[in-house]
Structures are given as structure tokens and as C-alpha cells.
Amino acid sequence: MYILDFFKDVVLASISILNGASGWLIISFIIAGLLHNLISPEKFQKSLGNKKISSLFKSTVSGMLLPICSCGVIPIGISMYYSGAYLGPVLAFMTSTPIINPIAVVLSLGLLGPDITIIYVISGFVVPIIVGLLGNYLGKNELCINQQEDEEIAIELEEEELSFKEKVIEGLKWSFSELALTISKYVVIGMFVAGFITTVFPSSIIQKYLGNPGVLSLGSIAVLACIMYVCAVGHIPFIAALVASGASPGIAITFLIAGAATNLPELISMYKVIGKRTVAIYSITLTTCSLVIGYITNLLLIGKATNINMSYTKESISIANTIMLNIPDSAKYICSFIIFIFFIKAIMPSLRKVAKNEA
């Protein structure tokens, strides 16, 4: 009975996580489809298909301005990669988008104060640049996709010129067939793993036992951030509660960087679609940077009063709610159902193969 109850809790937690991300995934599939055909591979090659610092800047800034969740960035980043962008700009984009966005900055300002927020914004720009530089320098076969060797989600270049409407239709067909099947397969698996971890380590228990500044350290919060599933905005009240309990300001920065950008669905998708070297570059660099910046933050801010104006906190939350896209619960369930259908369709060939072998 205990095992069944635990499995039920894991499934419910996984569904909750999927509901929180599915709407953004559908939106991201649409954006990825538009990028696929409206922006030609030649333009991608010219703009992001190189190792220039300017390409990393473009990807980082565009990611910082895009208010989508850490799972929603997966389809767009993968689409950029398969449209001709180099690994560095792709990683810079996939790092900056979940770490920071306008809504997260507003909430951070209200809940964590201006000092932590300034460091947060600077880190949200610098860290993706570092990840992108290492991606360009250390990437080998992953540096750019060889479209002829990848038959699963390779882009088929149209020889004849298509109209704007035809480009949109063809792009969406590609996104909601090949790309959606590939991404959904790994995202749903990642969601289930995240649901398991969330069930074993719920945030209430984490806050209770790690809210003590004597127990909480930069190392422990970095490990915690890597295994927890957090969205691009929802983790800020959680970390604010830890800081209010007495945790150091460096804890906040470490979690803000490592938590949002190292979630399992994203890592699993990157591992399966781009390669294990990419995941190593991405996760190791992010974790290391989060620890270093957290340590520097403690040196700068420990002992310094960081008073938070409660009236401004309420105002910040109000502003964030105003500019945040709130997807209705009914739409979330519909989007989750669509993602799950993509997942089933993606794994059906493997299931048929297993059934055939057993027969």
C-alpha cells in the first residue's frame, strides 16, 4: 500500500510539473516552427553560425528578454541548433532564458532587495557568455549540426521559394511533428524523474531543514538546485523564504543561477538531442559559476543591511502578475494531454520493437 501511495504521489507531482510547463512548451513549439522556416539557415549561419562574441551577446540578450520557463526554452534552443546556430550561441540562449527574465527581475527586486538583484542581473548576462564561450571552444562534433548525418530531425531545405503563409504552415508542421516528438519524449521522462525527486524532497521539508544558515552552505544549495525542478520565476519566493530564515545572500544567487538552468527535463533533452559533451559543458560550468558568484556575493553583502521595503514587495508582485502570461488551468491540462500524446507516439516504435522481440 505504501508503494502504491508513493507511486501515486510521484505521478501527481509529475502531472503538476508538466501542467506548469506544458503551456510554455506548446508556445515554444510555435516559436520554433516560425524560426525554422521564416528565418533561413543562411541567415542563421550569418548571424549565429560562428564563434564571434557578438553572436553570444545576441543569444544571451534575446534569452534574457524572453519570459518563458526552463522547459519552454528546449524547443526553441534545439530549433536554433538545427537551423544553423553554433553550439556556443545555443548554449548562451538556453542558459540566459531560464536564469533571468523581466518578470524574475521584478520579483527579485521586491523579494530579495536591490543588492542581490543587481548581482543577479549581472550574473544572468555574464554566466551565459561564459557557457557559450566554452561551448564554442570545447564543442567538437556538437559545435554545429551536420544535417546530412542526422535523419531524425534534420531540416529539409526547400528548393523552391515558398510564400509567407506556406513557410508558416511548413514550419509548424515540422515543429509539431518531428521536433515535438523528439522533445516530448525526453521532457516527459524528465518530468517523471523530477516528480520523483519532488516527492522525496518536497520544498517544505527542504526549507525546514535547510533554512538554518548553520546547515545551509553554497555546496549543499548547489546540489539541491541541480536536482530540484524549478521554473524560471516560481523559485524566487522559495529562495526569499530561505534568506528570510537567515541564509546568506550567496545562497540566493547560487540557487537563482543553478536552480533554474539545471532542471532534468532540459538536461535529458540536451543529452539525447545534442550530446553528452554539451550537457557536461553546460552543467559543470553553471554549477561552478553559481558557487563562485555565490561566494563573491557573500564577501560583498554579508554584514551589510539589505532591508526590503514591504510596500515595494507588494508592488513588485503586482507588476509581475500583470506582465506574466497566466495560462488557464483548463488550457494547461489540454496542453499536458497534447505533450503526453506526443510522448506516446514517440515511444510507440520502441514499444512495438520490444513486443515483436518478445513474441
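The legends below describe close-up views of a predicted model. Local features require pLDDT of at least 70 and side-chain atom pairs pLDDT 80 or more, whereas totals for chains, interfaces and linings use all residues. Residues are numbered from 1 along each chain as its sequence is written, and side-chain values use heavy atoms, with hydrogens and water left out.

Figure 1. Helix α5 comprises the 13 residues 87-99; helices (H or I, at least four residues) are DSSP runs numbered from the N terminus. The expected span of a helix is 1.5 Å times one less than its number of residues. For α5 this gives 18 Å, and the end C-alpha atoms are 18 Å apart, which agrees. Because 13 of the 13 residues are buried, α5 is largely enclosed by the rest of the structure. Buried means under 20% relative accessible area, exposed over 50%, and partly exposed in between (1.4 Å probe, protein chains only).

Figure 2. A pair of aromatic rings is described by the distance of the centres and the angle of the planes. Rings of Phe, Tyr and Trp (its six-membered ring) pair if their centres lie within 6.5 Å; planes under 30 degrees apart count as stacked, over 60 as edge-to-face and the rest as tilted. The structure holds six such aromatic pairs. In one of them, the ring centres of Phe29 and Phe176 are 5.8 Å apart and the planes lie at 65 degrees, so the pair is edge-to-face. Phe29 belongs to helix α1 (residues 2-38) and Phe176 to helix α8 (residues 164-200), so this pair ties together parts that are 147 residues apart in sequence. Phe29 is buried at 0% relative accessibility, while Phe176 is partly exposed at 28%. Phe29 also forms an edge-to-face pair with Phe342, at 6.4 Å centre to centre and 85 degrees between the planes. Since Phe342 lies in helix α16 (residues 329-358), the contact with Phe29 in α1 ties together parts that are 313 residues apart in sequence. Phe342 is buried, with a relative accessible area of 12%.

Figure 3. Side chains of opposite charge can pair when their charged atoms come close. With a salt bridge taken as a side-chain nitrogen of Lys or Arg within 4 Å of a carboxyl oxygen of Asp or Glu, the count comes to two. In the bridge shown, the closest N and O atoms of Glu142 and Arg277 are 2.5 Å apart. The pair links distant parts of the chain, 135 residues apart: Glu142 is in the loop between α7 (114-138) and α8, and Arg277 is in helix α14 (residues 276-301). Glu142 counts as buried at 10% relative accessibility, whereas Arg277 is partly exposed at 31%.

**Figure 4. The salt bridge between Lys173 and Glu170.** The side chains of Lys173 and Glu170 meet at 3.8 Å, N to O. Both residues lie in helix α8, three residues apart, about one turn of the helix. Glu170 is partly exposed, with a relative accessible area of 31%.

**Figure 5. A nonpolar surface patch.** Val292, Tyr295, Ile296, Leu299 and Leu300 make a nonpolar surface patch of about 520 Å². Patches are made of residues with over 30% relative accessible area and no salt bridge: like charges are joined within 9 Å, nonpolar side chains (Val, Leu, Ile, Met, Phe, Trp, Tyr) within 5 Å. Leu299 lies in helix α14 and is exposed, with a relative accessible area of 58%.

Note on methods
Helices (H or I, at least four residues) and strands (E, at least two) are DSSP runs, numbered from the N terminus. Accessible areas come from the Shrake-Rupley method with a 1.4 Å probe; for residues, only the protein chains shown count as cover.
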